Amino acid sequence: MMERTLSIIKPDAVKKNVIGKIVDRFESQGIRIVAMKKLQLSLEEAKAFYAVHKERPFYESLTQFMTSGPVVVMVLEGEGVIAKNRAIMGATNPAQADPGTIRADFASNVEQNAVHGSDAPETAAQEIAFFFSGRQLIG
């Protein structure tokens, strides 16, 4: 099934200058990028985006981290792209991520883990709409 998902290259990976290497991981697996932009999140935007985690102990440090530098937000498209993206990213904790995944190769720790990806079609739709208008999605 053709799907779309949101991917974020987080501040740690942007700072390491590995944007192109991460984008290549998606494109080399047949995933199309239908929208992409680099931006700096405000604290208010980060808190709104991660509101689902508001009650979790890592919420404050996560939102601080996500505003610590620029991010690259992308909409990825392809057959089963949500699961495919999550496999390419690897486990949330890079110490548990399979070799060759983005997190195993580029992440520092469980919080500074290089990338974010939507976990379900409903989440993907909400997250895409947070960053992109419909006319910015070039299929």
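This is a predicted model: local features need pLDDT of at least 70, side-chain atom pairs count only at pLDDT 80 or more; totals for chains, interfaces and linings use all residues.
Where does Lys54 lie? Lys54 sits in the loop between α3 and α4.

Now the whole chain. It has seven helices and four strands. Going along the sequence, the pattern reads β-α-α-β-α-α-β-α-α-β-α. Along the principal axes, the C-alpha atoms fill a box of roughly 35 × 35 × 25 Å. For 139 residues, a compact globule would have a radius of gyration near 14 Å, and the chain has 14 Å, so the two agree. Of those 139 residues, 46% are buried. The accessible surface is about 7,200 Å², and carbon and sulfur atoms account for 52% of that surface. Then there are the contacts. Taking those with a separation of 6 or more, 76% are between residues 24 or more positions apart.

Next, the sheet. In what order do the strands of the sheet stand? The sheet is open, it has four strands, and the order is β2-β3-β1-β4, with antiparallel pairing. At the edges are β2, residues 32–39, and β4, each of which pairs on one side only. From one strand to the next, the twist averages 20 degrees. As a reminder, strands of a sheet pair through backbone hydrogen bonds, and the pairing is either parallel or antiparallel.

How many bridges join β1 to β3? There are eight, and the two strands run antiparallel. One example is Ile8, whose bridge partner in β3 is Val73. Towards β4, β1 has three bridges, and that pair is antiparallel as well. Here we meet Ile9 again: its bridge partner in β4 is Val115. Ser7, in turn, stands opposite Gly117 in β4.

On to the helices, starting with α5, residues 81–89. This helix packs on the sheet and touches β1, β3 and β4. The direction of α5 makes about 30 degrees with that of β1. Which residues of α5 are buried? They are Val81, Ile82, Asn85, Ile88 and Met89. Around the axis these residues cover an arc of only 130 degrees, which is why they are on the same side of α5. On the other side, Ala83 and Ala87 are exposed. The cover over the buried residues of α5 includes β1, α2, β3, α6, β4 and α7. After α5 comes Gly90, with a positive phi near 90 degrees.

Asn17 is not a glycine, yet its phi is positive, about 65 degrees. Asn17 is placed in the loop between α1, residues 11–15, and α2, residues 19–27. Is Asn17 buried or exposed? Its relative accessibility is 65%, so Asn17 counts as exposed.

Ala114 is not a glycine either, and its phi is positive too, about 75 degrees. Ala114 is in the loop between α6, residues 102–106, and β4, residues 115–117. Is Ala114 buried or exposed? With a relative accessibility of 0%, Ala114 counts as buried.

To sum up: the chain has seven helices and four strands, the strands form an open sheet in the order β2-β3-β1-β4, and α5 packs on that sheet.

Note on methods
Residues are numbered from 1 along each chain as its sequence is written. Side-chain values use heavy atoms; hydrogens and water are left out. Buried means under 20% relative accessible area, exposed over 50%, partly exposed in between (1.4 Å probe, protein chains only). Two strands pair if DSSP finds at least two bridges between them. Axes are lines fitted to C-alpha atoms, for helices over the stretch in contact, and angles run from 0 to 180 degrees between N-to-C directions. Contact means heavy atoms within 4.5 Å. The radius of gyration is taken over C-alpha atoms; the globule rule is 2.2 Å times the number of residues to the power 0.38. Accessible areas come from the Shrake-Rupley method with a 1.4 Å probe; for residues, only the protein chains shown count as cover. The arc is that of the directions from the helix axis to the C-beta atoms.
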